[in-house]
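My notes follow in the order in which I took them.

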Amino acid sequence: MGKVKNSPWLLHYDGSSCNGCDIEVLATLTPLYDAERFGIENTGDPMQADILLITGGINTQNQEVVRQLYNQMPRPKVVVAVGVCACTGGVFKDCYNVLGGADSTIPVDIYVPGCAARPQAIIDGIVKAVELFQKRSDRHDRYEIEQKEGGNANG
Amino acid sequence: MGKRKVVPFGPQHPVLPEPIHLDLVMEDEKILEAVPNIGFVHRGLEGLIEKKDFNELIYIAERTCGICSYQHGMGYTETLEQIMGVEIPDRAKFLRSTWSELGRLHSHLLWLGLLADGFGFESLFYECWRIREKILDLHELTVGARLIFSVNKVGGVLRDITPEMQKTILETLDVVEEEVKNIQKTFLYDYSVQSRLKGIGVLSLQQVHDLGCAGPFARASGLNLDMRKLGYDAYPYIDFEPIISTDGDCFARCDVRTREIFQSIDIIRQIFAKMPEGDIAVPVKGMPNGEATVRIEQPRGEAVYYVKGNGKKLLDRMRIRTPTFANLPGLLETMKGADLSDVPLLILSIDPCISCTER
């Protein structure tokens, strides 16, 4: 993990998962695995979140909710799909109500495998997400500076 | 009289690990009525009987819920065994009960942590989950997985618990017992916790009975209902009494579940003392033909499994009735007249497992 300047906040949403990955995500945040040592913070508010952890697949009922949560997050943002259900639909792929993995509805950056995903794998996913977020954040800052300078030159 | 308004609660909410949506009809700070809107986790799991054969369905049944995963697999397997007339070896029965009780331990500790988080006691939440990790280590020791075991099969179990493992389990349980005694002091005798839990969401015995509630939620109101007393698996050989409280409020539910942790530890000790030698599985031939119903006690209450087979690989019907489904009417009843600030506590007090309920 490279140098991290910002402290990204994390939002967790349970798609149609069986709970297994859900509680593993929570276990990752509690003292034994302590993902908060990477500077992240768990939040319940999408408008303050930078990283979206999504567990479980997408079904017809929660598709709108997931899309809304993603749209409410400010740019730049990173999406992590935790567990096989969020990656592809998993064992529930053939169910009539499951549309597929999280990437059937929103763009996903990082895929964490496992059923249920182990805390070690989730930590790996979070670290990669923090790195990616930093990269995007830097690019976002550069873009804003360029816009500003360009504006001044024209004006 | 104040103006009526509707406050939406969920599906995404900081206190909810799982999505459930409630429309709360409010008058000032009081709730008049709560209208649930569920289906956010519905996958249509029971429909998979058309695509997977009855052996593969064991793994699907386990993924009904990640918390009481083992018992879902066990309940489904026992229903199949009843249809096919298979008598499993005694040792397998004792092993199944061991994992059931370990599952109950980790589920109750998880719930205590979430409850502490619900009333804003962050450090207590972390403490509960730290103890819970010790139980998960025992899962890993015995079956190699943390949550979803996949250790059941028709005719018995796939893995044995060796005497060395039993020794480690008993040693760990001694430590866990001491640590739970410590957090129990905070849960039951701390002034601020008591003022947050006592008198909240009271249900009488009559109400609980009429609404058909199950598990610790019903036992906290004085209903003596424990499916383990039906005597499946190793429970006929075990000496235990269902834990009952009579107050019927959130504090009583917390009290019942903390005492059940000690009960489970005691049951595991008795199981290891009485565990017989022998095989852990019997060979099984043929396909299920007929129907059967099995009732088992999960950490959240009574679960009912119904399976109908037709002598072919694919079943006709599989149906699971989960305890949270039985407890939802009780939850809505407790919400009438409650404060908005108590809603997270009330939802947590039934130990909701939405993915079980919606499947």
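I began with charged pairs and noted a count of 2 salt bridges between chain A and chain B, a salt bridge being a side-chain nitrogen of Lys or Arg within 4 Å of a carboxyl oxygen of Asp or Glu. One that I looked up joins Arg118(A) to Glu140(B), with the closest N and O atoms 2.4 Å apart.

Before going on I recorded that this is a predicted model, in which local features need pLDDT of at least 70 and side-chain atom pairs count only at pLDDT 80 or more, while totals for chains, interfaces and linings use all residues. Residues are numbered from 1 along each chain as its sequence is written, chains are lettered from A and ligands numbered from 1 in the order in which they are written, and side-chain values use heavy atoms, with hydrogens and water left out.

**The interface**

I then looked up the extent of the interface and found 39 residues of chain A in contact (heavy atoms within 4.5 Å) with 38 residues of chain B. The area buried between the two chains is about 3100 Å², with 61% of this given by carbon and sulfur atoms; buried area here is the accessible area (1.4 Å probe) that two parts lose on being put together, summed over both. Of the area that chain A buries against chain B, 17% comes from Asn19(A), Ile23(A) and Gln61(A), more than from any other three residues.

**The pockets**

Which residues lie nearest the centre of the largest pocket? I noted Leu26(A), Asn42(A), Thr43(A), Pro14(B) and Asp117(B), out of 27 lining residues. A pocket is, on a 1 Å grid over the protein atoms alone, an open set of points where a 1.4 Å probe fits, with protein on both sides within 12 Å along at least five of seven lines, and lining residues have an atom within 4 Å of a point.

Of its 14 lining residues, I wrote down Glu78(B), Glu81(B), Gln82(B), Tyr232(B) and Val294(B) as the closest to its centre.
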